[in-house]
Every structure is written in structure tokens, then in C-alpha cells.
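Here is my note on the chain you sent. Please keep the structure open while you read, and check each point by eye.

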Amino acid sequence: MTELATAVFAAQSGSHLLDAPRTTRFAAFLRGFDEAGYRQELARRGFRWIPRSDSAFPSRLRSIHDPPPGLFVRGEAQLRLLERPSVAVVGARACSHYGSAVATSLARELAAAGAVVVSGLARGVDAAAHRGALEAGHTVAVLGCGIDRDYPRAHAALAAQIAATGLILSEYPPGVEPAPWRFPARNRIVAGLALATVVVEARERSGALITADLALDEGREVLAVPGEITSQLSTGTNALLRLGATPVTCAADVLGAVGIESTSLPELPTLAGPAARVRAVVADAPAAADELIRRTGLAPGELAAALAELELLGLVTQAEGLYRAGAGL
């Protein structure tokens, strides 16, 4: 009984508790706590409660040094999803287009290979990872607020998509507002659920680095996507690489770290003419339209048609005035 009571008491008192405290305040709370009624209300609202002592509680999370008393759960998937090989994909909220594109394509390929992608539903890399995973498989979101909240609110539709096929988790009961100290606590659950953590982009003091540190503390694999040495968004990831993190150059690097055999990549469509010339240029490096005209010798109209074809095939993306290779290029 005391695991659910501990979680609810911790939320109401604004404290971080792993076990029932031996205090008169908690004893008084416990005497007035109606667990059966609380569970009924959770069920009425479509939420589940999985105590740490339950066999359904994820084993990887139970093994960390500070597992929560239990998890509040939202979503249609069965709880055994949490026992499948999982990869945490995290990074900067204010990520670059490159970071977003890498997180999306990487998560898509991981999910397609059978891995469950775990992240924190935050803006930037987290959201991109969830969206990529949803295109090919399953994803799990961990909240730093009550299980009934979609934070940020702009991700309400994304949360609904995740809940339809995956799971949303929180150690906090309904009604708990997001607070700065709750997000590092949330990060230990993200890392604890996963066999490996991938950091896509991170500034020097990014919260994603907290997740990576927590993963390392638990003996889990940490990987990082290399970034431009002149970009502040790459400071954290490049520092991880200096410390010995495994560099990520493709999804196979991550799949190998979690023991999943990588599937063969789909064959690229055969291109000819202007589209092939443009593809060859952007495969080397991002380029603006005027540079593409100069390097391919195409007229503006021919270039526009070639780019439209490549974008429809997912082989080129455009942002901030630059055309970049897509995931399949």
C-alpha cells in the first residue's frame, strides 16, 4: 500500500521520495489515504499505477540505485513494451535543423529494427525522436510533471499519438505541475529504462548531459552524434566523445550497442539527370540554391524541379536557406 501513498505524499509535499518516510506527517497522511478510491479514480481517468514491487514494473528501471516508488502510466500499449530493448534519444530543446533531422531519422531506423525509443517529450530533439519512432514502431515518453499533463502544451497532439500505440510515464500523480527540479529526476527514468542513451545535440550544460551521466552511473552505454566544432550545440556531444562515448554515424552503431542486428537499408531510388547531379552535391555538404546552380550548371527552373523531386523522395530537406541530404541519401 505504501508505494502509492509515498508517491502521492511526495507530490503533495513537494519532496523527492523513494521509500515511505518515517515521519509523523506521513503517518497522519497515511491514515487518511484511501488507496482503493484513489486507484478507482485513476482507472476512471484512463491511468494505471505500477508499484515498484509489482512484477510488471520495468526491470531495468528497478535496478537503478534510486528507482521511483512506482510509475503512473498512460497509453494503450501493454507494459511488456518496457522490457523490450530500448534506446533513449535526447538532446537540445533549441536544436538545429541538422539535430532535428538526425534525431528523426535515427529514431525511425531504431524503431523499424525493433528498438523502443525513449525520450522526454520536450521540444527539439525529444519531439523529433518521438515523431521519427512513431513512423516505424514504438516510443515511450517520460514526463517531468503529473501523468495528466502534456508538457509543453504544444505537444498535446504528439502525446496523443504516443499514447495510441506506446506509453507515457511519470512518477508524479495527476495534478502535479512541472517544476525545474523535476526534470533532472525525470531524466534518471529516461536513462534507467534504456539499454543505451544517445545524445544528438547538447550545449555545455544541457539537461541531456545529465541523462548521459545518469546512464553512465548505471553502467549503460552512452553514444553521441558528432557535431560541428564551431557550434555551441555540439559542445556537449563533442565533450562526451572526448570522454570516450561511442560516436554515432548511423543507426547500426546504436543497434549494435543494444544487441539488435541491424536490418539492411532500403535501396535508394535510381536517379538520373538533374536530380542525380543535385543529389551528388548535397551528399557532400549542405548547399544554398545559388551554390547548387553554380556546381551543377542547372538553370533555376531545372534546379527547382530537381529539388522538388528529391524532397518528395525524402532525399533532400531544406531549412534556413540550405539544402541537406535526407536520411536516405
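1. Start with a loop. Ser262 sits between helix 11 (251-257) and helix 12 (273-284). Keep in mind throughout that this is a predicted model. Is Ser262 buried, exposed or partly exposed? Its relative accessibility is 39%, so Ser262 counts as partly exposed.

2. Now look at what surrounds Ser262. Setting aside neighbours within four places in sequence, Ser262 is in contact with Ala252 and Leu255. Pro286 is 24 residues away along the chain, and the two C-alpha atoms are separated by 27 Å.

3. Compare that with Arg220. This residue lies in the loop between helix 9 (207-217) and strand 8 (221-224). Arg220 and Ala196 are also 24 residues apart in sequence, yet their C-alpha atoms are 5.6 Å apart in space. Arg220 has a relative accessible area of 13%, so it is buried.

4. Which residues does Arg220 touch, not counting those up to four places away in sequence? The list is Arg60, Ser63, Ile64, Ala191, Gly192, Leu193, Ala194, Leu195 and Ala215. Among them, Ala191, Gly192 and Leu193 are buried residues of helix 8.

5. The buried set includes Arg182, Phe183, Ile189 and Val190.

6. Asp66 is in the loop between helix 4 (59-62) and strand 2 (70-74). Not counting residues up to four places away in sequence, Asp66 touches Leu18 and Arg188. Arg188 is one of the buried residues of helix 8. Asp66 is buried too, because its relative accessible area is 14%.

7. Two backbone details deserve a check. Tyr151 and Pro152 are joined by a cis peptide bond, with omega about 0°. Pro152 is placed in the loop between strand 5 (139-142) and helix 7 (156-165). The other detail is Leu121, which is not a glycine but has a positive phi of about 60°. Leu121 is in the loop between strand 4 (116-119) and helix 6 (125-134). With 0% relative accessibility, Leu121 counts as buried.

8. Step back to the whole chain. How many helices and strands does the chain have? There are 14 helices and eleven strands. The radius of gyration is 22 Å, close to the 20 Å that the globule rule gives for 329 residues, so the chain is as compact as a globular protein of that length. Along its principal axes, the C-alpha trace spans about 80 × 40 × 35 Å.

9. Next, packing and surface. Of the 329 residues, 50% count as buried. Among contacts with a separation of 6 or more, 70% come from residues 24 or more positions apart. The accessible surface comes to about 14900 Å². Carbon and sulfur atoms hold 52% of that surface.

10. Last, charge. The chain has 31 positive and 33 negative charges.

Note on methods:
Residues are numbered from 1 along each chain as its sequence is written. This is a predicted model: local features need pLDDT of at least 70, side-chain atom pairs count only at pLDDT 80 or more; totals for chains, interfaces and linings use all residues. Side-chain values use heavy atoms; hydrogens and water are left out. Buried means under 20% relative accessible area, exposed over 50%, partly exposed in between (1.4 Å probe, protein chains only). Helices (H or I, at least four residues) and strands (E, at least two) are DSSP runs, numbered from the N terminus. The radius of gyration is taken over C-alpha atoms; the globule rule is 2.2 Å times the number of residues to the power 0.38. Contact means heavy atoms within 4.5 Å. Accessible areas come from the Shrake-Rupley method with a 1.4 Å probe; for residues, only the protein chains shown count as cover. Lys and Arg count as positive and Asp and Glu as negative; His and the chain ends are not counted. The place of a charge is taken as NZ of Lys, CZ of Arg, CG of Asp or CD of Glu.
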